[in-house]
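Subject: A structure to look at, with notes

Dear colleague,

I am handing over the structure below, and my notes on it follow. Please read them with the model open beside you.

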Amino acid sequence: MARTLAELPTGARITDYISLGVLATTFPRARIDAALATTKTASRRQRDLPAHVVVYYVIALTLYMQVSYREVLRCLLEGLEWMAGPARAFKVTGKSGISQARTRLGWRPLQQLHDEIVGPIAVPATKGAWYRDWRLVSLDGSTLDVADTANNVKAFGRPGASRGTAAYPQLRFVSLVENGTHVLMGSQIGAYRDSETTLARRVVGTLGAGMLCLADRQFFGSALWQQARATEADLLWRVKKNLRLPCRQRLVDGSYLSVVYPSERDRRHDTKGVVVRVIEYTLAGVADAEDLYRVVTTILDPDRAPAGELAALYHERWEIETALDELKTHLRGATIVLRSKTPDLVRQEFYGFLLAHFAIRGLMHEAALKEGTDPDQLSFVHAVRVIRRRLPHAVAIPPSGPAGLP
């Protein structure tokens, strides 16, 4: 039987019908339009690459880091060719046009989309996401190499090396991770010269009641502790060995109550102190273990969280290292440098990475729930490969449209 060629509706442009599969599901057109409106970056006139399509395109770029700009766009349009038949070929915007479209868009809309959508996704049935009644999250930071241009060096800085300076400038970022799902959220980007503690001050606002936040010793300080504590989240942070924590009250499980102060003067006058619970432990028989580990927590009642359980739980903080490895090694590529040549487009690309990672992790979480398994048991690398294979062949449905095409 002869095939009837499907046709585009009258007046429709090809770019209106780009489908990004899981990306369009995770980031609906309406949410993208709202982010564009909030940041005042929506397209004012009809273009080959309108703003909402560029948002999807930037996210897709992070799935194909070793593929050219034009090839990624061609990949997205490829799924439409069946609609017009073999006699019709679609023109792919050139590299200059793509660069101009990305520059017009800027990075604020992707940050807005990230801040509005990316967040905890674990449900009570999610395995590995909870300790008793607390949602487990971890705080940490990392760096990413960016393209070696004068503007990027000025904006982000370059780390030192044993001889001179490193080959590439670097950005620094700090994130929270939902331990059970590996969702990176609340992420903040800065220059290499910005400390993780400085960036963390802008991240901890993502915390909230019902969370238990784990963090390594470089983050502990009275000001950041107080700021994180004010969110009503509970905290379990490692502290340095030289921090003075005299025992004020020994508890039945071997932990004890102490007080931390914002300054030495406050310590001398016993003012502005905050009570913490201290847990000290060793890791016998573990290679390369330190002599003593000390963590402090806001959970003062040992019946709610015994010391032995919290000591074991603290090492779940390494879940964020796995999530960062997913972002830097498996999604970006182990030796790949962010390709954007200007600071604004670097920031845009960074948030594109976070959005792509969130979409993939959301898909994996749904699969884990259906199988009744821990999301950790699923392969992130496999999920990325599946999405990369299927993205070009997604059915052409307008991201905002409720109905499909004939």
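Which are the buried residues of helix 12 (residues 307-314)? They are Ala307, Leu310, Ala311, Leu313 and Tyr314, where buried means under 20% relative accessible area, exposed means over 50%, and partly exposed lies in between, with a 1.4 Å probe and protein chains only. These residues cover an arc of only 165 degrees around the axis, which is why they fall on the same side of helix 12; the arc is taken from the directions that run from the helix axis to the C-beta atoms. On the other side of helix 12, Gly308 and Ala312 are exposed. The cover over the buried residues of helix 12 includes strand 1 (130-131), strand 2 (134-145), strand 5 (211-215), strand 6 (234-238), strand 9 and strand 10 (293-297).

Before going further, please keep in mind that this is a predicted model, in which local features need pLDDT of at least 70 and side-chain atom pairs count only at pLDDT 80 or more, while totals for chains, interfaces and linings use all residues. Residues are numbered from 1 along each chain as its sequence is written, and side-chain values use heavy atoms, with hydrogens and water left out.

The chain as a whole

The chain has 15 helices and ten strands; these are DSSP runs numbered from the N terminus, with helices being H or I of at least four residues and strands being E of at least two. Of the 406 residues in the chain, 53% are buried. The chain exposes about 19,100 Å², and carbon and sulfur atoms supply 50% of that area, as computed by the Shrake-Rupley method with a 1.4 Å probe, where for residues only the protein chains shown count as cover. Among the contacts with a separation of 6 or more, 67% join residues 24 or more positions apart, a contact being heavy atoms within 4.5 Å.

In soluble globular proteins, nonpolar side chains tend to be buried together. Here the largest nonpolar core has 88 residues, of which Phe27, Leu139, Leu171, Leu207 and Trp237 touch the most other members; such a core is a set of buried Ala, Val, Leu, Ile, Met, Phe, Trp, Tyr and Cys residues joined through side-chain atoms within 4.5 Å. Helix 14 (residues 343-371) gives the largest share of this core, eleven residues. Another core, of 17 residues, lies apart from it, and among its members are Tyr131, Tyr281, Tyr293 and Leu313.

Helix 14 is mostly covered, since 22 of its 29 residues are buried. At 1.5 Å a residue, its 29 residues should span 42 Å, and the end C-alpha atoms of helix 14 are 42 Å apart, which agrees; the expected span is 1.5 Å times one less than the number of residues. After helix 14 comes Gly372, whose phi is positive, near 65 degrees.

What covers the buried residues of helix 10? The cover includes helix 9 (196-203), strand 6, strand 9 and strand 10. The buried residues themselves are Ser222, Leu224, Trp225 and Ala228. Ser222, found in helix 10 (residues 222-229), touches Tyr261 and Pro262 when residues up to four places away in sequence are not counted. Ser222 and Val260 are 38 residues apart in sequence, yet 7.1 Å apart in space, C-alpha to C-alpha.

In the loop between helix 10 and strand 6 you will find Glu232, which has a positive phi of about 75 degrees although it is not a glycine. Glu232 counts as exposed because its relative accessibility is 60%.

Lys40 sits in the loop between helix 2 and helix 3 (51-61), and although it is not a glycine, it has a positive phi of about 55 degrees. With a relative accessible area of 69%, Lys40 is exposed.

Ala30, in helix 2 (residues 29-38), has 56% relative accessibility and therefore counts as exposed.

Arg277, by contrast, has 0% relative accessibility and so counts as buried; its place is in strand 9 (residues 274-281). A polar atom of the side chain of Arg277 lies 2.8 Å from the backbone oxygen of Ala305.

With best wishes

Technical notes:
A polar contact is a pair of N or O atoms within 3.5 Å; within protein, one must be able to donate a hydrogen and the other to accept it, and residues adjacent in sequence count only if both atoms are side-chain atoms.
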